[in-house]
Amino acid sequence: MSFPKNFLWGGAIAAHQAEGAYLEDGKGIATCDVMHGGKGRIAEILDIKAIKANIENPLGYFPEHDAVDFYHHYKEDIALFAEMGFKTFRLSIAWARIFPNGDDAAPNEAGLAFYDSVFDECLKYGIEPLVTLSHWEMAINLTKKYNGWVSREVIPLFERYVRTVFARYKGKVKYWLTFNEINMTLHMPFMGSGMFVDDPAQKEAMCYQALHNQLVASALAVKACHELLPDAKIGCMVASLTAYPYDCRPEDTWEKMEMERKNYYLTDVQARGVYPSWVKNYLARKNITLNYGDFDEKTLRENTVDFVSFSYYSTSAVSTDPAIAGDKGTGNLFGGMKNPHLKSSEWGWQIDPLGLRIALNFLYDRYQKPLFIVENGLGAKDVVEANGEINDDYRIDYLREHIKAMKAAVEEDGVDLLGYTTWGCIDIISASTGEMSKRYGFIYIDRDDEGKGTLNRSRKKSFFWYKDVIATNGEKLS
Ligand code: BG6
């Protein structure tokens with residue numbers, strides 16, 4: 001037993017974190033273009049006054065404007081992926097390149113042509129594009145007009161965009177994902193749904209509504225994919241959450257269950273076609289009434305995904321004991337706390353390879369659908385030695401242990417896994433902090449947190465290691 005012969009090894013990026021060229025060839029300003037960089041970014045996303053001001057009067061540094069200029073370097077970057085032996089490359093389409101305002105009468109041909117060239121370049125090397133339809137960006141016009149996904153008006157606009165790209169890239173793209181980390185809207189409403197929450201008391205109602213609208217849009221994308229691209233497969237994408245009860249008090253296990261349940265209810269709907277009953281009761285208790293369309297139930301029921309994809313970086317612990325519940329891991333948007341048994345990354349994300357095996361088994365038991373790990377990796381500072389080498393052994397260690405855990409889940413536990421794409425295979429802008437110094441890549445990019453640097457690409461030690469991993473289909477990990 002080992003990884004299947006056609007196992008899809010590769011790497012992943014998102015348009016806004018990599019492309020740059022934020023106004024080129026007719027692209028519209030998108031939500032990601034109005035967020036500053038730096039450690040204060042999360043505070044800005046949660047308290048949206050600064051972002052609102054940036055829309056009217058953009059002052060300061062916006063890292064996504066230029067990012068790592070994948071827009072002009074994609075040929076060189078994809079050649080490097082091919083050199084590593086990638087079987088797949090996950091990227092997203094920037095919706096605002098195709099419909100600059102989200103509601104334009106016709107698509108932007110230059111935007112469509114750009115992705116044609118990117119996919120052609122991948123296919124030239126036998127790399128399957130794995131395409132996310134929505135990765136945390138949308139035209140800012142849709143925020144201004146509709147307050148983003150909280151409004152149902154956005155659903156048909158998204159469906160039109162999706163049908164446009166399906167028709168255009170038919171025959172080129174066989175793997176699609178609907179919404180990146182759909183569950184993150186609960187934690188970051190602006191980033192996940194392009195939505196401003198002015199009254200904190202309304203936050204929950206607005207998030208559940210925006211997410212209902214995304215679920216319907218996701219199901220409509222599945223429907224369109226099955227109609228227009230019968231040979232393609234389409235999946236959902238969730239930020240996985242493995243949470244441990246802090247100790248064996250039953251209350252902690254109940255807390256863990258509630259946290260996980262809340263995390264996966266969206267995937268439950270996308271994979272099974274119905275809301276879990278607890279959600280209905282929960283919303284009723286909170287006096288939240290969702291604005292349902294006439295056909296929503298039928299649309300959700302009839303259009304479930306072909307596979308379930310997820311990101312995995314770390315795990316957290318939960319406790320209801322107030323004495324320890326305050327000890328949160330930093331950078332932890334899920335709200336769990338620090339696990340004393342685990343080490344953390346420089347950004348406070350707790351490192352837990354066995355947690356990946358647990359997540360794989362949990363998700364496979366729950367959905368019985370093929371899985372796809374579409375993000376995993378270590379964000380770390382890299383040092384370029386005087387001779388130009390980047391010896392990122394810490395990254396190799398992290399990935400090796402996670403691949404071992406994944407291997408055990410496939411070989412010993414029988415999990416059906418389609419592939420593995422490491423996050424930020426080329427260094428890109430961090431989503432949570434907007435920093436460049438939080439690097440995940442096998443390929444180093446000369447650019448700093450202020451946007452200075454040559455943008456030159458160079459191979460890190462992990463580049464050669466991952467090349468061997470792929471060449472041996474995961475047999476050689478040392
Ligand atoms: C996931 C996102 O949450 O984590 C990516 O889908 C993101 O967009 C990745 O970049 C890593 O997070 P960060 O904040 O380290 O970039």
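Modeller: A salt bridge here is a side-chain nitrogen of Lys or Arg within 4 Å of a carboxyl oxygen of Asp or Glu. By that criterion Asp382, Asp392, Arg395, Asp427, Arg439 and Lys460 are linked in a network. This is a predicted model, in which local features need pLDDT of at least 70 and side-chain atom pairs count only at pLDDT 80 or more, while totals for chains, interfaces and linings use all residues. Residues are numbered from 1 along each chain as its sequence is written, and side-chain values use heavy atoms, with hydrogens and water left out.

Colleague: How many salt bridges does the structure hold?

Modeller: The count is 40.

Colleague: Which residues does Arg168 pair with?

Modeller: Arg168 meets Glu109 at 2.9 Å, N to O. Arg168 also bridges to Asp116, with the closest N and O atoms 2.8 Å apart. Arg168 lies in helix 8 and Asp116 in helix 6, 52 residues apart; helices are DSSP runs of H or I, at least four residues, numbered from the N terminus.

Colleague: Is Asp116 buried or exposed?

Modeller: Asp116 is buried, because its relative accessible area is 12%, and buried means under 20%, exposed over 50% and partly exposed in between (1.4 Å probe, protein chains only). Arg168, at 28%, is partly exposed.

Colleague: Turning to cysteines, how many disulfides are there?

Modeller: The search of the whole structure finds 0, a disulfide being a pair of cysteine sulfur atoms within 2.5 Å. For Cys122, the nearest cysteine sulfur is that of Cys425, 10 Å away.

Colleague: Is Cys248 buried or exposed?

Modeller: Cys248 counts as exposed, at 76% relative accessibility, whereas Cys122 is buried at 0%.

Definitions and conventions:
Helix = DSSP H or I, 4+ residues; strand = E, 2+ residues; numbered from the N terminus.
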